[in-house]
Amino acid sequence: QVELVETGGGLVQAGGSLRLSCAASGGTISSYTMGWFRQAPGTERDIVATINWIGDTTYYVDLVKGRFTISRDITKNTVYLQMNSLKPEDTAVYYCSARAAGSLTWTYWGQGTQVTVSS
């Protein structure tokens with residue numbers, strides 16, 4: 001059972017930056033494709049960025065391309081989401097998730113961390 005704990009959320013002004021962390025336990029992130037998702041009030045949970053289990057391929061939703069960067073530190077078993085040039089529309093609860101290599105199902109989820117961007 002993989003457990004994921006997100007930290008790093010908070011309140012930031014538009015144009016500012018935050019770095020989210022997702023610490024994994026019970027499994028090594030190098031065995032999983034890791035992803036960041038977000039959910040704003042009244043909306044569905046949407047994918048933001050992913051990094052594959054090998055660590056050589058990343059994906060970003062168009063809305064965050066050029067502003068957000070997903071990365072990982074195998075030694076710390078942690079995945080990061082660096083968020084720059086934040087906009088009020090980035091306000092959401094951000095979730096970390098893990099998907100086993102070869103699987104299409106996002107199986108493990110963290111509890112989420114709130115990101116609020118003020119205008």
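**Entry 1: the salt bridges**

I started with Asp62, which is exposed at a relative accessible area of 60%. In this predicted model, Asp62 forms a salt bridge with Lys65, and I noted 3.0 Å between the closest N and O atoms.

How many salt bridges does the structure hold? I found three. Opposite charges on side chains can pair when the charged atoms come close, and I wanted to see where else that happens here.

Asp90 and Arg67 meet through their side chains in a salt bridge, 2.7 Å from N to O. I placed Asp90 in the loop between S8 and S9 and Arg67 in the loop between strand S6 (58–60) and S7, so this pair ties together parts that are 23 residues apart in sequence.

Asp90 also forms a salt bridge with Arg38, with 2.9 Å between the closest N and O atoms. Arg38 sits in strand S4 and Asp90 in the loop between S8 and S9, so here the parts tied together are 52 residues apart in sequence.

Asp90 is buried at 1%, Arg38 is buried at 12%, and Arg67 counts as buried at 10%.

**Entry 2: an open sheet**

Next I traced the strands. Four of them form an open sheet in the order S1-S3-S8-S7, with antiparallel pairing. Strand S1 (3–7) and S7 stand at the edges with a single partner strand each, so one side of each has no neighbour in the sheet. Neighbouring strands in this sheet are turned by 15° against each other on average, direction ignored.

I went through two of the pairings. S1 and S3 run antiparallel and are joined by five bridges; Glu3 has Ser25 in S3 as its bridge partner. S7 and S8 also run antiparallel, joined by six bridges, and Thr69 stands opposite Gln82 in S8.

I picked Ser21, which lies in strand S3. Ser21 counts as buried, at 15% relative accessibility. Leaving out residues up to four places away in sequence, I listed what Ser21 touches: Val5, Glu6, Thr7, Trp36, Thr78, Val79 and Tyr80.

**Entry 3: the nonpolar core**

Which residues have the most contacts inside the largest nonpolar core? I got Leu4, Met34, Trp36, Leu81, Met83 and Tyr94, in a core of 29 residues. The elements that give two or more residues to this core include strand S3 (18–25), strand S4 (32–39), strand S8 (78–83) and strand S9 (92–100).

I looked at Leu4 in more detail. Setting aside neighbours within four places in sequence, Leu4 is in contact with residues including Cys22, Ala23 and Ala24, then Met34, then Cys96, Ser97 and Ala98. Tyr108, Trp109, Gly110 and Gln111 are also among the contacts of Leu4.

Key
Residues are numbered from 1 along each chain as its sequence is written. This is a predicted model: local features need pLDDT of at least 70, side-chain atom pairs count only at pLDDT 80 or more; totals for chains, interfaces and linings use all residues. Side-chain values use heavy atoms; hydrogens and water are left out. A nonpolar core is a set of buried Ala, Val, Leu, Ile, Met, Phe, Trp, Tyr and Cys residues joined through side-chain atoms within 4.5 Å. Buried means under 20% relative accessible area, exposed over 50%, partly exposed in between (1.4 Å probe, protein chains only). Helices (H or I, at least four residues) and strands (E, at least two) are DSSP runs, numbered from the N terminus. Contact means heavy atoms within 4.5 Å. A salt bridge is a side-chain nitrogen of Lys or Arg within 4 Å of a carboxyl oxygen of Asp or Glu. Two strands pair if DSSP finds at least two bridges between them. Axes are lines fitted to C-alpha atoms, for helices over the stretch in contact, and angles run from 0 to 180 degrees between N-to-C directions.
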